[in-house]
Amino acid sequence: MSINRIVNIVYKSLWLILFILILTFDRSSNNSIYSTLGLLVILTIVAVVRAINSRNDWRPIAEKHYLENMTDETSKDN
């Protein structure tokens with residue numbers, strides 16, 4: 001099993017744990033508050049980093065597609 005697949009499974013599992021923590025949230029317990037907020041912050045940071053990496057991976061493909069469309073449009077205009 002590749003490391004990327006393992007990280008993906010752990011990441012999804014942590015979102016499930018966060019969902020369960022939110023459903024069983026106890027406002028009177030400081031441990032519940034801090035663990036839920038901490039997990040939420042960590043998962044949010046990981047989600048943003050993954051989105052930025054994904055954008056950077058797709059950027060060359062999008063630029064190539066954009067350039068192909070621009071050359072097609074300029075050749076149609078002439």
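Me: How many aromatic pairs does the structure hold?

Reply: The structure holds one aromatic pair. This is a predicted model, in which local features need pLDDT of at least 70 and side-chain atom pairs count only at pLDDT 80 or more, while totals for chains, interfaces and linings use all residues. Residues are numbered from 1 along each chain as its sequence is written, and side-chain values use heavy atoms, with hydrogens and water left out.

Me: How is the geometry of Y11 and W15 to be read?

Reply: A pair of aromatic rings is described by the distance of the centres and the angle of the planes. Rings of Phe, Tyr and Trp (its six-membered ring) pair if their centres lie within 6.5 Å; planes under 30 degrees apart are stacked, over 60 edge-to-face, and the rest tilted. Here the centres of Y11 and W15 are 6.2 Å apart and the planes stand at 90°, so the pair is edge-to-face.

Me: Is Y11 buried or exposed?

Reply: Buried means under 20% relative accessible area, exposed over 50%, and partly exposed in between (1.4 Å probe, protein chains only). Y11 is buried, at 14% relative accessibility, whereas W15 is partly exposed at 32%.

Me: Which charged residue sits over the ring of Y11?

Reply: A charge sits over a ring if NZ of Lys or CZ of Arg is within 6 Å of the ring centre and within 35 degrees of the ring normal. The charged end of R50 sits over the Y11 ring, 4.5 Å from its centre.

Me: Which residues does T36 touch?

Reply: Contact means heavy atoms within 4.5 Å. Not counting residues up to four places away in sequence, T36 touches L18, L21, I22 and F25. T36 is found in helix α2 (residues 30-77) and is buried, with a relative accessible area of 8%.

Me: What is L21 in contact with, beyond its neighbours within four places in sequence?

Reply: L21 is in contact with T36 and L39, those neighbours left aside. L21 is found in helix α1 and counts as partly exposed, at 25% relative accessibility.

Definitions and conventions:
Helix = DSSP H or I, 4+ residues; strand = E, 2+ residues; numbered from the N terminus.
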